[in-house]
Amino acid sequence: MDKEYDAIVLGTGLKECILSGMLSVSGKKVLHIDRNNYYGGESASMTPLEQLYEKFMGPQAKPLTSMGRGRDWNVDLIPKFLMASGKLVKLLFHTGVTRYLTFKSVEGSYVYKSGTIYKVPASAAEALTSSLMGIFEKRRFKKFLEWAVKFDQQNPATWDGLNPHCTIMNDVYKKFGLDDNTAGFIGHALALYRDDDYRTQPFAETVSRIQLYEQSLLQYGTSPYLYPLYGLGELPQGFARLSAVYGGTYMLDTPVDGLVMEGSKVTGVKSGENVIKCKQVFCDPSYASDRVKKVGQVIRAICLLNHPIPNTNNNESCQIIIPQKQVNRNSDIYISCVGPSNQATPKGWYVAMVSTTVETQNPEAEIQAGLQLLGPITERFTSVADLYEPLDKGTESQVFISHTYDATSHFETTCTDVLEIYKQATGEEFDFSKITHVNLNDEEE
């Protein structure tokens with residue numbers, strides 16, 4: 001093949017599809033290849049349900065007849081929710097991909113403390129009624145939350161004597177007299193940190209994260225999270241359509257036999273007998289195993305339930321975060337649940353996912369605290385996946401590799417990775433003004 005592309009994108013996972021769309025919108029000539037015959041990669045949705053059973057249990061395994069029609073199930077392999085005011089939603093709106101997708105607000109956001117699930121108090125009014133804290137702690141938390149929402153890094157009058165450039169978050173907690181339990185759910189259920197390293201860093205980033213949670217909550221009022229109807233597999237296809245609208249070319253079910261290098265720089269991709277020339281390559285770790293390093297593992301348990309998760313107000317969809325210190329761990333445990341109203345399951349059925357970063361030689365034992373909150377589990381599919389990250393940023397080789405999806409149940413880390421890759425590859429921030437808001441529904445796939 002003599003034709004040369006500005007960029008070849010390998011894999012149709014969500015990150016790769018977002019990058020393909022962004023590059024196409026920015027005027028790049030893009031070829032997008034996947035060795036699989038379906039979109040989504042690791043972020044695919046399994047439908048019909050028989051596909052999930054076959055993946056985990058083999059071709060002879062079948063769902064129970066009581067589970068209804070297989071095509072009424074859309075089960076995510078890596079379930080994540082979108083922050084209503086977060087980076088991914090902004091990307092979706094700015095690119096017009098929302099014209100092809102329908103979202104529903106996730107009904108509840110919860111945090112675990114001492115064996116009990118509590119609704120995350122995300123407003124001053126909720127703080128005073130929450131049973132998560134004692135009466136005096138409620139007042140202190142209310143005062144902290146009011147300060148955090150009004151804080152403006154550009155306006156020292158809102159700092160209340162705290163310097164966002166040098167005052168660490170631990171000192172903020174001390175100033176407001178907040179105890180360790182309250183600090184735990186602020187950091188992990190509101191600011192959505194995965195560990196406690198943030199507590200020794202200047203507080204500006206933490207407060208910014210809390211404000212994002214608050215802004216997202218105000219969008220719909222029940223929780224800060226959104227979820228696309230029919231599963232997360234709809235997202236990669238939406239961005240794939242965007243890329244096609246702007247001239248991107250897609251080739252599914254196509255072999256990828258390696259990268260072609262001249263010296264230290266990529267010049268093409270080998271596919272069978274062909275070498276497809278390009279200036280840059282973007283891919284997930286599975287396409288460049290010699291250019292990544294293993295940094296850990298994540299365990300995920302997909303659980304099929306015939307009831308909502310207990311103690312969540314019968315919500316069909318929710319997120320529960322178990323902060324690390326509540327279960328003597330270094331990493332949080334995340335639980336997500338979707339149901340019929342999300343077009344993810346037939347009536348009366350639910351999909352819950354329990355996930356965490358692996359810390360021991362017995363990963364299954366590490367998610368027991370989460371599994372115990374689900375009530376009776378009809379079927380469980382458990383996987384342990386390796387986490388990879390690139391050995392370098394790709395600026396010399398022009399090979400840009402995404403990180404493996406982490407254990408979090410939201411997309412904020414995913415978008416951070418995508419935007420950083422785009423900046424490394426182009427030398428500039430993505431310019432959202434280049435989008436012309438093409439109506440994707442009018443375009444052919």
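Tutor: Happy to! Domain 1 and domain 2 bury about 2,800 Å² between them, 67% of it on carbon and sulfur atoms. Buried area here is the accessible area (1.4 Å probe) that two parts lose on being put together, summed over both. This is a predicted model, where local features need pLDDT of at least 70 and side-chain atom pairs count only at pLDDT 80 or more, while totals for chains, interfaces and linings use all residues. Residues are numbered from 1 along each chain as its sequence is written, and side-chain values use heavy atoms, leaving out hydrogens and water.

Student: Where are the bounds of domain 1 and domain 2 in the chain?

Tutor: Domain 1 covers 4-43 + 232-292 + 389-434, and domain 2 covers 57-107 + 294-387. Such bounds come from an automatic or database domain assignment.

Student: And how many residues of domain 1 are in contact with domain 2?

Tutor: 31 residues of domain 1 are in contact with 31 residues of domain 2, contact being heavy atoms within 4.5 Å.

Student: Which residues form a salt bridge with the closest N and O atoms 3.0 Å apart?

Tutor: D406 and K80 do. A salt bridge is a side-chain nitrogen of Lys or Arg within 4 Å of a carboxyl oxygen of Asp or Glu. The count between domain 1 and domain 2 is one salt bridge.

Student: New topic: what does K279 pair with?

Tutor: K279 forms a salt bridge with D6, and their closest N and O atoms are 3.4 Å apart. K279 lies in strand β13 and D6 in strand β1, so the pair ties together parts 273 residues apart in sequence. Strands (E, at least two residues) and helices (H or I, at least four) are DSSP runs, numbered from the N terminus.

Student: Which residues of helix α2 are buried?

Tutor: L49, L52 and Y53 are the buried residues of α2, which spans residues 49-57. They cover an arc of only 95° around the axis, which puts them on the same side of α2. That arc is of the directions from the helix axis to the C-beta atoms.

Student: What covers the buried residues of α2?

Tutor: The cover includes β3, β4, β14 and β18.

How values were computed: Buried means under 20% relative accessible area, exposed over 50%, partly exposed in between (1.4 Å probe, protein chains only).
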